Every structure is written in structure tokens, then in C-alpha cells.
Amino acid sequence: DNSKVDVVICPTALHLPVVKADLEAMGMQACTQNISATGMGAFTGEWNVEHLKDMEIAWTLIGHSECHVKYGETDEVTATKLELCEKAGIKVIFCIGESLEERESGKTDEVNKRQLTAVLPKITNWDDIVIAYEPVWAIGTGKVATPDQAQETQAAIREFLKTAVSEEVADNVRVQYGGSVTPENCAELIAKPDIDGFLVGGASLKASFMDIICTVGA
């Protein structure tokens, strides 16, 4: 039921132009996996918000953990990217989350607040923002935060937004969970009051991904 769930697919840059029309024909939307922190110019290998506008791509991910961990992307860079998207009217799935070491040392909320604080001043239209909480230790590992762990963390994100932004924003912004979501665990996760959807990784490459979509849209 498309009225109950938004499905946004993030293929590789090479495949995105090929699958975009087919995705839209199924009521889904295309999304880039990343966006440049630059504008138009001599930035070989980058694609920026102007390119997305030209291609009529409405969404991008920003701040995925792999960009932080593998490519050294800083909070300042994610803030620059988000600001460019806001100015261009590109919708953003903004990723936050802690490493295993940070979770075990009790810094989960501290990390999430730090990553959010960097971008809050750049957000002018909260209708174009989705927050995806993805505990780094649960991505592609088969480990998953328990529904209670995920709910506790995402409730803390909303409480922070109430103080840092407003109660209205905290109540209405979509906060997704991402971290080894499967058809088997998605129903229990989505039943939690502060989990509004999922950022699905490896499970999206399987036919059973449709089971996750149907569970969320039920």
C-alpha cells in the first residue's frame, strides 16, 4: 500500500539511471548513496546536487557509516553536504550511529547527539529530512540491536530533538532503524513507537525484501 509506506531505493551510481524509471513505475523512488560536498566544477569523480536536480533524483543518503569509517568523512563534511541539499531541495536520509566500542563504553547517545548537532543549523525544511539510526556494529554483521535497544536509542534521539529543535519536529520527523534488518525481525522492530521505518542493507538484495516492505506498509 503506497499510501502507508515510502520505498526509496539506493542503487550504485552506475546503475541508478538504468533502474530509475522502472522503480518509479512500481511506485518507488530512486536515491543516491552519497553526494558531493562541492558544487559544479572541476571535481573529477564527484556528483553533486546539480546533477541530481538534472536527473530528477529527489533523494540522497548522507553520512553512511562506511563514509565515516572508510573514507574519513567528518561531521563538518556531512553538514556541508546537507546544507547543499537543503538549498537545492534534495531530500536527505541522514545516517547516524555508534561503533561497538562506543556502545560498550556507554557513548551511544553522545555520538548520536554530536552527529546531529553538526547538521541541525543547516536544516531549513524538516519535511525533507529522514534520520536513519544505524549502529555500526550491526551493519552487515548479522548482529542486530534488540527491539528494546533500538527503541531506547531512537526515543533518546527524539528527546534530544525536542530540546535542540522543537517538540513538533521531534514528533514528526521520521527516524529509521538500520542494522541487519530482515523479514524475520522487522515486524517486532516496526511495532516500537519510535521506529518509523528501516534503512535496509544486505536484505534489500534478496527477493524477500518485499516482505519487509509489506510488513511496514501493513
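The legends below describe close-up views of a predicted model.

Residues are numbered from 1 along each chain as its sequence is written, and side-chain values use heavy atoms, with hydrogens and water left out. Because the model is predicted, local features need pLDDT of at least 70 and side-chain atom pairs count only at pLDDT 80 or more, while totals for chains, interfaces and linings use all residues.

View 1. An open sheet is formed by 6 strands in the order 1-2-3-4-5-6, with parallel pairing. Strands (E, at least two residues) and helices (H or I, at least four) are DSSP runs numbered from the N terminus. Two strands pair if DSSP finds at least two bridges between them. The edges are strand 1 (8–9) and strand 6 (174–177), each of which pairs on one side only. Strand 2 (residues 29–32) and strand 3 (residues 59–62) are joined in the parallel sense over 2 bridges. C31 has W59 of strand 3 as its bridge partner.

**View 2. The nonpolar cores.** A nonpolar core is a set of buried Ala, Val, Leu, Ile, Met, Phe, Trp, Tyr and Cys residues joined through side-chain atoms within 4.5 Å. Buried means under 20% relative accessible area, exposed over 50%, and partly exposed in between (1.4 Å probe, protein chains only). The largest nonpolar core has 51 residues, of which W126, I131, L161, Y177 and F198 touch the most other members. Another core, of 8 residues, lies apart from it and has W59, L61, A132 and L199 among its members. In soluble globular proteins, nonpolar side chains tend to be buried together.

**View 3. The surroundings of Y177.** Contact means heavy atoms within 4.5 Å. Leaving aside neighbours within four places in sequence, Y177 has contacts that include Y133, P135, V144, L189, I195 and F198.

**View 4. The second largest pocket.** On a 1 Å grid over the protein atoms alone, a pocket is an open set of points with protein on both sides within 12 Å along at least five of seven lines, whereas a cavity is a set where a 1.4 Å probe fits but cannot get out; lining residues have an atom within 4 Å of a point. Grid points are joined across faces, edges and corners, and a volume is the space filled by probe spheres set on the points. The second largest pocket holds about 200 Å³ of space. Its lining has 15 residues, and H68, V69, G97, E102 and Q115 lie nearest the centre. Helix 3 (65–71), strand 4 (91–96) and helix 6 (108–119) each supply at least two residues of this lining.

**View 5. The largest cavity.** The whole structure has 1 cavity of 30 Å³ or more. The largest cavity contains about 50 Å³ of space. D109, N112, K113, L116, T153, A156, I157 and F160 line the largest cavity. Helix 6 and helix 7 are the elements that give two or more residues to this lining.

**View 6. D75 in helix 4.** D75 belongs to helix 4 (residues 75–88). D75 counts as buried because its relative accessible area is 11%. Leaving aside neighbours within four places in sequence, D75 is in contact with H68, R114, Q115 and A118.

**View 7. T146 in a loop.** T146 sits in the loop between strand 5 (129–133) and helix 7 (147–164). Its relative accessibility is 37%, so T146 counts as partly exposed.
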